[in-house]
Amino acid sequence: MYELTVRASKKYKITITKGLGLFRARVLPLVKGESVAIVTDDRVNGLYGDILDEFFSDKRVIKIVIKHGENSKNSANYLRIINALAENDFTREDTVLAFGGGVVGDIAGFAASTYMRGITLIAVPTTLLAAVDSSVGGKTAVDLKTGKNLLGTFYQPSAVYINTEFLKTLPAKEIKNGLGEVIKYAFLSDTVKIADLKNVDGDLIYRCLKIKRDIVEKDEKEKGERALLNLGHTFGHAIEKLSGYKLAHGACVAKGLVYSIEISKRLYGLSDKTVSEMYGLLKSAKHDLSCPFSAESLVAQIIADKKRKGERIDFVALKGIGKPEITEIKISDLKKMAVDYESKISAF
Ligand code: ADP
Ligand code: ZN
């Protein structure tokens with residue numbers, strides 16, 4: 001068993017265990033009040049719905065099942081959850097339990113953070129991506145027609161419980177998706193090594209979350225250092241958006257990390273050894289590292305992003321493995337470097 005305490009605006013514990021035998025004993029004491037609203041999706045409910053019903057038989061349970069997939073992370077489903085809480089007389093003494101991947105975590109988190117100005121939220125992430133990333137740190141959101149995650153809050157859960165047993169039913173594609181984000185951590189800190197990536201277990205998740213925890217504790221609301229967690233995401237998000245969200249987030253982060261390496265090379269003149277170690281990490285999870293979009297179109301997409309500051313952008317570059325740095329770059333320079341990299345790969 002692994003435990004981590006997060007000291008953000010709320011202090012809470014992350015517990016990582018294996019074997020469903022411990023689920024009930026660990027999670028039940030975390031549930032505040034008589035009533036619990038389990039938010040999940042149809043796939044996860046198909047796999048684990050019966051177990052959940054049994055585990056929470058001592059409580060008054062309502063279950064809100066949304067359809068799987070990002071399209072469900074919308075304001076209509078958000079209101080569905082809120083209305084279910086209200087109609088079932090949930091008070092601030094009760095609990096919302098998010099049981100699923102990032103989609104469920106984000107929408108259930110947003111509902112918990114706004115219902116009666118905030119009720120207890122327990123996160124049980126069931127995908128690798130949600131376990132190592134979205135379930136910790138307190139970002140909640142739903143998508144609007146105009147863009148992803150535009151409506152949301154910072155709201156820390158009261159507890160995060162991860163059980164690696166749930167990851168066993170994940171399709172290989174979802175594990176690979178999660179590994180895109182895991183490799184990001186391997187670049188941010190030298191505590192996640194290439195050998196660790198071969199075995200997706202509690203230890204790997206713990207190492208990643210320790211990195212995230214340390215960053216979030218210093219800068220919960222992303223005013224500075226938390227931006228380090230955006231490593232690989234400037235280009236990653238651009239790729240994801242240009243693909244019309246057909247490419248998975250983790251796959252796009254992996255492709256985005258290629259640009260992080262190439263731009264860092266041009267900024268800092270990284271040694272060949274460092275660059276090959278970085279590519280070694282990226283290739284270890286067998287991600288397709290090619291990019292279907294031109295450097296020009298990617299930079300045009302980055303310009304359209306709300307995160308830029310006029311002609312400049314905060315970019316997370318790497319001085320080495322475990323040595324990330326937030327550096328302000330002129331977008332014209334970013335474009336030059338990306339175009340230069342593109343011309344080199346197309347020369348092969
Ligand atoms: P994320 O990758 O951000 O966690 P989702 O919440 O969309 O995104 O989850 C990805 C997919 O994996 C969804 O189709 C979801 O139903 C499915 N899923 C989530 N958890 C499990 C699990 N433990 N076993 C099998 N499929 C799962
Ligand atoms: Zn991400």
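## Overall architecture

The model is predicted. Its protein chain contains twelve helices and eleven strands. The radius of gyration of the chain is 20 Å, close to the 20 Å that the globule rule gives for 348 residues, so the chain is as compact as a globular protein of that length. Taken along the principal axes, the C-alpha atoms fill a box of roughly 65 × 40 × 35 Å.

Of the 348 residues, 52% count as buried. The accessible surface of the chain comes to about 15,500 Å², and carbon and sulfur atoms account for 52% of that surface. Among contacts between residues at least 6 apart in sequence, 73% join residues at least 24 apart.

## The zinc site

The zinc ion (ligand 2) is coordinated by Glu181 through OE and by His233 and His249 through NE2, at 2.1 to 2.4 Å. Along the sequence these donor residues follow the spacing E-x51-H-x15-H. Glutamate 181 belongs to helix α6, whereas histidine 249 belongs to helix α9 (residues 249-268), so this pair ties together parts that are 68 residues apart in sequence. Glutamate 181 and histidine 249 are both buried.

Helix α7 comprises the 17 residues 202-218. At 1.5 Å a residue, α7 should span 24 Å, and its end C-alpha atoms are 24 Å apart, which agrees. The buried residues of α7 are Gly202, Leu204, Ile205, Cys208, Leu209, Ile211, Lys212, Arg213, Ile215 and Val216. The elements that cover these buried residues include the strands β1 (2-7), β2 (11-17) and β9 (159-163), together with the helices α5 (128-134) and α6 (172-188).

Leaving aside neighbours within four places in sequence, isoleucine 16 is in contact with Gly202, Ile205, Tyr206 and Leu209, among others. Further contacts of isoleucine 16 include Met1, Tyr2, Ile162 and Thr164. Isoleucine 16 and tyrosine 206 are 190 residues apart along the chain, yet their C-alpha atoms are separated by 7.4 Å.

## Cysteines

The structure holds zero disulfides. A disulfide is a covalent bond between the sulfur atoms of two cysteines. For cysteine 208, the closest cysteine sulfur is that of cysteine 252, at 19 Å, which is too far for a bond. Cysteine 291 is likewise in no disulfide; its nearest cysteine sulfur, also that of cysteine 252, is 8.7 Å away. Cysteine 208 is buried, with a relative accessible area of 0%, while cysteine 291 is partly exposed at 24%.

## Positive phi angles and a further loop residue

Most residues other than glycine have a negative phi. Aspartate 89 has a positive phi of about 55 degrees although it is not a glycine. Aspartate 89 is situated in the loop between α3 (75-87) and β5 (95-100). Asparagine 149 likewise has a positive phi, near 55 degrees, but its place is in strand β8 (residues 147-154).

Arginine 308 occupies the loop between α11 (295-304) and β10 (312-318). With neighbours within four places in sequence left aside, arginine 308 is in contact with Ile302, Ile303, Ile313 and Ile331. Arginine 308 and aspartate 333 are 25 residues apart in sequence, and their C-alpha atoms are 14 Å apart in space.

| Residue | Relative accessible area | Class |
|---|---|---|
| Aspartate 89 | 59% | exposed |
| Asparagine 149 | 40% | partly exposed |
| Arginine 308 | 33% | partly exposed |

Technical notes. Residues are numbered from 1 along each chain as its sequence is written. Chains are lettered from A and ligands numbered from 1 in the order in which they are written. This is a predicted model: local features need pLDDT of at least 70, side-chain atom pairs count only at pLDDT 80 or more; totals for chains, interfaces and linings use all residues. Side-chain values use heavy atoms; hydrogens and water are left out. A disulfide is a pair of cysteine sulfur atoms within 2.5 Å. Buried means under 20% relative accessible area, exposed over 50%, partly exposed in between (1.4 Å probe, protein chains only). Helices (H or I, at least four residues) and strands (E, at least two) are DSSP runs, numbered from the N terminus. The expected span of a helix is 1.5 Å times one less than its number of residues. Contact means heavy atoms within 4.5 Å. Donors are N, O and S atoms within 2.8 Å of the metal (3.2 Å for Na, K and Ca); water is not among the atoms, so sites may look incomplete. The radius of gyration is taken over C-alpha atoms; the globule rule is 2.2 Å times the number of residues to the power 0.38. Accessible areas come from the Shrake-Rupley method with a 1.4 Å probe; for residues, only the protein chains shown count as cover.
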